[in-house]
Amino acid sequence: MEHSNREKLLDLFCRLAYKSGDFTLSSGQKSTYYINGKLVTLHPFGGLWTGQVLLSKLPEGTGAVAGLTLGADPIVSAVSVVSAYENKPIPALIIRKQPKGHGTGAWIEGPELAPNTNVVVLEDVVTTGQSALFAVEKLRDAGYTVTHVLTLVDRQQGGAELYAKEGLQFGAVFDIGEIQNYAKGIS
């Protein structure tokens, strides 16, 4: 039986990106597991399936996808490339963590889009939600409309609540429970 791209992506996340142990997250929180999304999103098929699955989840009227460097770089690129192949081209934007130190001093890399373009922020893993929220703020400062955040994995540690407070719609391809259950089955 042909597995869906979502199932193939789940398998890849559990085999490549999910690790048990003692870790400190970018939020500073301690954790008994870690997910390195880049091991999936930079994998040739992982990147393809990421692009296909997230493209299918984008809301109607999406004018661009964007995310905070570095985790979102391969994700927004994958979605943009897949969108071109599906003849629904969607440009990608990358938000810097600091403004460019030379030239224009820009926070955002990518094509210049019309004011109020609907931009969806993409993320590999959401914990507290702060990274994507930083991207949302920079995009809104630049005159874009941002109403949605999509992630590959929701660790369910406050991100959804933060986005709800900020009036953002939030969606995840996987929640941490699904990843942990599947990982148990293949270990």
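User: What order do the six strands of the open sheet come in, and what is the pairing like?
Analyst: In this predicted model, the six strands of the open sheet run in the order S5-S4-S3-S6-S7-S8, and their pairing is mixed. The edges are taken by strand S5 (108–109) and strand S8 (169–175), each of which pairs on one side only.

User: And in which sense do S3 and S6 pair?
Analyst: Strand S3, covering residues 64–68, pairs with strand S6, residues 118–126, in the parallel sense, and three bridges connect the two. Within this part of the sheet, Ala-66 stands opposite Val-121 of S6.

User: Which strands does helix H5 touch?
Analyst: Helix H5 (residues 130–141) packs on the sheet and touches S3, strand S4 (92–95), S5, S6 and strand S7 (145–154), with its direction making about 165 degrees with that of S6. Helix H7 (residues 176–186) also packs on the sheet, where it touches S7 and S8, and the direction of H7 makes about 5 degrees with that of S8.

User: Switching to pockets, how much space lies in the largest one?
Analyst: The largest pocket holds about 560 Å³ of space. It is lined by 26 residues, of which Ser-26, Glu-123, Asp-124, Val-125 and Ser-131 are the closest to its centre.

User: Which elements supply at least two residues of that lining?
Analyst: Strand S2 (30–35), S6 and H5 each supply at least two residues of the lining of the largest pocket.

User: Now Thr-151: where is its place, and what is it in contact with?
Analyst: Thr-151 has its place in strand S7. Once neighbours within four places in sequence are left aside, Thr-151 is in contact with Leu-54, with Glu-123, Asp-124, Val-125 and Val-126, and with Phe-170, Gly-171, Ala-172 and Val-173.

User: Is Thr-151 buried or exposed, and why do you call it that?
Analyst: Thr-151 counts as buried because its relative accessible area is 0%, whereas the cut-off for buried is under 20%.

User: Then what about Pro-115, buried or exposed?
Analyst: Pro-115, whose place is in the loop between S5 and S6, is exposed, because its relative accessible area is 67% and the cut-off for exposed is over 50%.

User: How far apart are Pro-115 and Arg-140?
Analyst: Pro-115 and Arg-140 are 25 residues apart in sequence, while in space the C-alpha to C-alpha distance between them is 9.9 Å.

Notes: Residues numbered from 1 in each chain as written. Predicted model: local features only at pLDDT ≥ 70, side-chain atom pairs only at ≥ 80, totals over all residues. Heavy atoms only, no water. Pairing = 2+ DSSP bridges. Helix = DSSP H or I, 4+ residues; strand = E, 2+ residues; numbered from the N terminus. Contact = heavy atoms within 4.5 Å. Axes fitted to C-alpha atoms, helices over the stretch in contact; angles between N-to-C directions. 1 Å grid on protein atoms, 1.4 Å probe; cavity = no way out; pocket = protein on both sides within 12 Å on 5 of 7 lines; lining within 4 Å. Points joined across faces, edges and corners; volume = space filled by probe spheres on them. Buried < 20%, exposed > 50% of the residue type's maximum accessible area, 1.4 Å probe, protein only.
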